[in-house]
Number of protein chains: 4
Amino acid sequence: MNAYIKNQIELFKEKNKNRGCLLVSCPDQPGIVAAISQFLFSYNANIIESSQYSTNPEGGTFFIRIEFECPNLKEKAKEMENQFAEIVEQFSMEWNFTHVYHVKKAAIFVSKELHCLLELLWEWQSGDLMTNIALVISNHETAKEVVEGLNIPFYYVPANKDIRGQAETTQLKLLKEYEIDFVVLARYMQILSPKFVEENPNKIINIHHSFLPAFVGARPYERAFDRGVKLIGATSHYVTNDLDEGPIIEQDISRVDHHDNVDSLKKIGRRIERSVLARAVKWHIEDRIIVHQNKTIVF
Amino acid sequence: MNAYIKNQIELFKEKNKNRGCLLVSCPDQPGIVAAISQFLFSYNANIIESSQYSTNPEGGTFFIRIEFECPNLKEKAKEMENQFAEIVEQFSMEWNFTHVYHVKKAAIFVSKELHCLLELLWEWQSGDLMTNIALVISNHETAKEVVEGLNIPFYYVPANKDIRGQAETTQLKLLKEYEIDFVVLARYMQILSPKFVEENPNKIINIHHSFLPAFVGARPYERAFDRGVKLIGATSHYVTNDLDEGPIIEQDISRVDHHDNVDSLKKIGRRIERSVLARAVKWHIEDRIIVHQNKTIVF
Amino acid sequence: MNAYIKNQIELFKEKNKNRGCLLVSCPDQPGIVAAISQFLFSYNANIIESSQYSTNPEGGTFFIRIEFECPNLKEKAKEMENQFAEIVEQFSMEWNFTHVYHVKKAAIFVSKELHCLLELLWEWQSGDLMTNIALVISNHETAKEVVEGLNIPFYYVPANKDIRGQAETTQLKLLKEYEIDFVVLARYMQILSPKFVEENPNKIINIHHSFLPAFVGARPYERAFDRGVKLIGATSHYVTNDLDEGPIIEQDISRVDHHDNVDSLKKIGRRIERSVLARAVKWHIEDRIIVHQNKTIVF
Amino acid sequence: MNAYIKNQIELFKEKNKNRGCLLVSCPDQPGIVAAISQFLFSYNANIIESSQYSTNPEGGTFFIRIEFECPNLKEKAKEMENQFAEIVEQFSMEWNFTHVYHVKKAAIFVSKELHCLLELLWEWQSGDLMTNIALVISNHETAKEVVEGLNIPFYYVPANKDIRGQAETTQLKLLKEYEIDFVVLARYMQILSPKFVEENPNKIINIHHSFLPAFVGARPYERAFDRGVKLIGATSHYVTNDLDEGPIIEQDISRVDHHDNVDSLKKIGRRIERSVLARAVKWHIEDRIIVHQNKTIVF
């Protein structure tokens, strides 16, 4: 990592040393917000941003994301977590308490098409993607030069159907070695095994080059061309073991017309893929996404 | 039809009495534009608008739409068509020569949801849809009041799976009686028989309430909700005998999020359906659409 | 008002008899959410939807909108308001406590172009705009037939620069007589006097036919054409005494190109105006808008 | 320039060695298309793409862009230009005959914000921007490393109000030395003198960081924030001596809301600026733009 980005990250950590984030889901009932906000106030925490949603106020599931500023958070964090257990039990909560200063470590997987990787690297270099891109793994050497030029470790791990097991063993070892928090498939054109996916639930973000659920699977631009659609799209989603069926995080589209051939669809599509994936990754690292019943709530 | 609209149509016909439109497709080769434009010039016609497209300049198919102003067009039209036959033969053209002053006659089919019908009626009343809405046919009586309020004949023709044949006999008879040029299915929730469709090739415009090819078939909003998409859409297409597989004319989408339930998806969707269908109908009546290999070229 | 809509409104009121909404703004500090949510919980109210925003957690202004379901709200409302006074004082709040079952009464002002009026009437008829359109006032008689056809009182009040005072006296009298909560200027092409505006702060919603602050004032489509813009827009805002300078509620745009003349810009623009105004009115009647320093927070 | 791009350009030139482009404007009258297409056909040229537009068929101005494939174009070009003179005279045409294989030479001017420059470099590297980026000129050294890393000459030319004359002398000398066809101001934060602009009519493309004509001049994001707009935009235009008043080539917008502060408006805006400028440059190098009365026709 170069000095500028290291410095950016240090500044971010210092600026957010007292910033915490609480993600909660539980059966909806009166009193949840009162309990949580009273709890935070008892630690003198100021709520900076709060979003909530209920699938149904009567018998549904309640979700909330609260970002707060709490003096001396590091010192208090342990005690807060312990104390919060009481509320967790009372409301049967699933919850996640994160420190904003903990900058997540990412691994990016890529194949030969580099546009999504380049977009992430760029947003990262300009300080708009506050993550630690710890390594890039590819089954091709195309990205090697640009990645290493930014002082990011690059690993060439050959992969295809026949050597999947072996490749994933290497990949998983690297993820552990670098203590990776999440994986981005930035146009990585290999299918991951169920084992790999299950070890990383809601931690692998993929970009699919179509407006899902249209054109699930291979060659979506070719099929979009054949169908004569007037809009093409891209979809970012968490990877599950059902191909292209994981929880959708973000989608966008662009208008096309009869002049466009497969090549120009791909060019137009690249721009959509880049921005859709960048948004999804941003929301993931800011802990804005809750997965519920194979759908996402994005706060 | 009320007096205002009758008057609008008369004004339009007078204004466009010398306006013609030529739609041509043929194997691409040098000289096509030269031949057509020379032909038009020989009748002192001024080209007002011209759009062309070739699937491939080498061995592909060439398409052109030319709108022109020709003094005394009505008198010359017969002769022009005859003379044009020579060029047609030379270039193996498929072609269509229309008079803009010939205002097309439309039949609108609708069921219980009226938003698409209302949009068409509205655009029509404001003079933005230069067609003659000759009748409305419905398998429900919901639309009766509003349609008859505009002095448009309304026919209640009960229809469902069991009485399809009988219903379609009545419907086809009405289409003939009113000399209908094209049919708009403005959320008509019945499937048409192959016979009905084959009698009206590229003359039946449907609005499907999804971003095709996603959610082909019934209950698209419910399925969009279940899949957790972040955008919903609507598609207007010509009806063929493959359900929701006909040539796409126009599509559009709108952004949704986790707050939206099936009802709000439907509300948001109604706005998209209205505008997508209105645009498709407008392009159809202006002879802007060529169908080629189950896709549309929209000039 | 016709029977169907009356019925819709009654159903809505019954369904929302226990639904309340609290809009609060105050200097930001820890404990605000805790205090409000604790207060609501003490009345056994369940928070259905909550949105908040702070201009700056350090020394800024805090805003929150809370929609809640509270058993027997009507009986408790008076006491709740009284009790809430304590919190109001503690945090120096400005606040507004509304009952969702109280359906707001609207007056629509219109001139000769009816598209915005028709959109509102339509949304209203389909139950998507839960307001009571109590009367329509116009300086032309164009809208009379359609308005009275829906059993809405229509008042023709001639208005122009020279008789503004007299016209506004009549208009204000009507607003009082019908106990109007807010006014929609649906392409009402008259300027209102400072007196009229001051009597209705943040209660008059206008649609301006440009993407403000571009093309403030008259003839925006003509000026957009002259400038050769590639997008045209519309803006809905609250009316203040600075022409077209009031707080912006909503904006949208549509793409245009060199083919478009002033007429087609107007046609395209009508569609934008319709949807932008409809959204602004919807948010207003749902108490989603807070005005702060000539800007809007839309929750 | 690196070997890959050099190779891309050579491939492009080879592929387009017989591709020509004709841009014509003249008073509208019958026979223009016939004359031009007959002329092209006489050289056995096949029209690949053709777009036309008339401000008014009666007494207006007619514009056409024709892209054609002509065997042995290089050998015939001189003669074709000579022969075309006859038609030019007959119809009082202004015209421009270009060879697609002639790849235009560009100079990019930039200051400290690099996002627009990076976008252009990226599109260029991926072969989507078929131009020869001959040099980059900046009044800061920020871009030096990235530009020289791509083997593009970088010139640091200090510039500010006080030394404008001196700076422009150096810049104009460089433009001549490198035989530059057009200049891109990719967030170059200096005003150019009338002399500089007049020497390069319709050859300087600027990106302005607002939806013109809103927020002409300095600090548009700050002013957009103060006004509370709900959409922000960017505008690419040819530079004239009226600040931000030159012919608009392309515009686009993105939605924002009350959460956005000036910083986030700038972040969102960067994405719009990048794509708007890239499209404008692409259309310029493909000879798709005709300037007429301070507006653009983009074919």
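Mentor: Let us begin with a term: buried area is the accessible area (1.4 Å probe) that two parts lose on being put together, summed over both. Please bear in mind that this is a predicted model.

Trainee: Which domains does the assignment give for chain A?
Mentor: The domain assignment divides chain A into two stretches. Domain 2 covers 105–298, and domain 1 covers 17–99.

Trainee: What is the area buried between domain 1 of chain A and domain 2 of chain A?
Mentor: Twelve residues of domain 1 of chain A are in contact with seven residues of domain 2 of chain A. Carbon and sulfur atoms give 60% of the area buried between these domains. That buried area is about 710 Å².

Trainee: With which residue does Glu49(A) form a salt bridge?
Mentor: Across the interface of domain 1 of chain A and domain 2 of chain A, the rule finds one salt bridge. In the salt bridge of Glu49(A), the closest N and O atoms are 2.8 Å apart. The partner of Glu49(A) is Arg288(A).

Trainee: Which strand of chain A gives the most to the side of domain 1 of chain A that touches domain 2 of chain A?
Mentor: Strand 1 (19–27), strand 2 (46–54) and strand 3 (61–69) of chain A each supply at least two residues of that side. The most, five residues, come from strand 3 of chain A.

Key: Residues are numbered from 1 along each chain as its sequence is written. Chains are lettered from A and ligands numbered from 1 in the order in which they are written. This is a predicted model: local features need pLDDT of at least 70, side-chain atom pairs count only at pLDDT 80 or more; totals for chains, interfaces and linings use all residues. Side-chain values use heavy atoms; hydrogens and water are left out. Domain bounds come from an automatic or database domain assignment. Contact means heavy atoms within 4.5 Å. A salt bridge is a side-chain nitrogen of Lys or Arg within 4 Å of a carboxyl oxygen of Asp or Glu. Helices (H or I, at least four residues) and strands (E, at least two) are DSSP runs, numbered from the N terminus.
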